[in-house]
Amino acid sequence: MNALLEKYKALTEREQKLVLISAVMIAIALFYFAVWSPLNTALDKQKQLLDNQQSLLVWVKDSGARAQQLRRSTGSKRAFSGSLPQAVNRTTAQHDIAISRMQPQGDELQVWVDQAPFNAVLDWLKAMENMGVVILQADIAEADAPGYIKIRRLQLGKA
């Protein structure tokens, strides 16, 4: 360090000013590129993520309100009469869904599906609700293939 200080003192006054100005400029550039710019970029990304999450929240709230309204308006559907396992077998065959396991429990039925197209499952569940079958609980997960889901446990009952 002393060697650098001696070399600096050996420079002319004009060269010393040039070295000081250069050092200040380098310090400013290092601060900008090492600290300010990455923080600013991260802040912009987080603001964008927040905006996306807020718009998703608004969509979910609107969809939830519409679902509640639809559920109230379709509350006067007829009650299901018949065998739940037969109805499930018939409707899953119509929607091309392969059931991996089905377990009756009194007036309720639990169903497991290893992999099925998401849209086909939605159509199947809508058909079951139109028949008067009530979805009591659902545990659904994403499958390995895009557009497919796993039904870990679906509990159906009579209305």
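Me: Which residues does UniProt list for "transmembrane region" in this chain?

Reply: The unreviewed UniProt entry lists residues 18-39. UniProt positions follow the numbering used here, feature names are shortened, and annotations may be inferred rather than shown by experiment. Please keep in mind that this is a predicted model, where local features need pLDDT of at least 70, side-chain atom pairs count only at pLDDT 80 or more, and totals for chains, interfaces and linings use all residues. Residues are numbered from 1 along each chain as its sequence is written, and side-chain values use heavy atoms, with hydrogens and water left out.

Me: What is the helix and strand content of residues 18-39?

Reply: Helices (H or I, at least four residues) and strands (E, at least two) are DSSP runs, numbered from the N terminus. Residues 18-39 are 100% helix and 0% strand, and the end C-alpha atoms of this span lie 31 Å apart.

Me: How far apart do the C-alpha centres of domain 1 and domain 2 lie?

Reply: Domain bounds come from an automatic or database domain assignment. Here the assignment gives domain 1 (1-73) and domain 2 (82-156), and their C-alpha centres lie 49 Å apart. For a pair of residues, take Thr92 and Val24: they are 68 residues apart in sequence and 73 Å apart in space, C-alpha to C-alpha.

Me: Which residues of α3 are buried?

Reply: Buried means under 20% relative accessible area, exposed over 50%, and partly exposed in between (1.4 Å probe, protein chains only). In α3, the buried residues are Leu84, Ala87, Val88, Thr91 and Thr92. Viewed down the axis of α3, they fall within an arc of 120° (taken from the directions from the helix axis to the C-beta atoms), so they line one face of the helix. An α-helix has 3.6 residues a turn, so residues three or four places apart point the same way. On the face of α3 turned away from the buried side you will find the exposed residues Gln86, Ala93 and Gln94. The cover over the buried residues of α3 includes β1 (101-105), β2 (108-117), α4 (118-131), β3 and β4.

Me: What does Thr92 touch?

Reply: Contact means heavy atoms within 4.5 Å. Leaving out residues up to four places away in sequence, Thr92 touches Ile97, Ile99 and Trp124. Thr92 counts as buried because its relative accessible area is 4%. A polar atom of its side chain also lies 3.1 Å from the backbone oxygen of Asn89.

Me: Where is Asp96, and is it buried or exposed?

Reply: Asp96 sits in the loop between α3 and β1. Its relative accessibility is 67%, so Asp96 counts as exposed. Asp96 has a positive phi of about 60° although it is not a glycine.

Me: Where is Phe80 placed?

Reply: Phe80 is in the loop between α2 (13-73) and α3. With 10% relative accessibility, Phe80 counts as buried. Setting aside residues up to four places away in sequence, it touches Ala87, Met131, Gly132, Val133 and Lys158. Phe80 and Asn130 are 50 residues apart in sequence, yet 9.2 Å apart in space, C-alpha to C-alpha.

Me: How many bridges join β3 to β4?

Reply: Two strands pair if DSSP finds at least two bridges between them. Nine bridges join β3 (residues 133-142) to β4 (residues 148-158), and these strands run antiparallel. Within this pair, Val134 stands opposite Gly157 in β4. The two strands form a hairpin with five residues between them, and Gly147 in the turn has a positive phi of about 85°.

Key. Polar contact = N/O pair within 3.5 Å; in protein donor to acceptor, adjacent residues only side chain to side chain.
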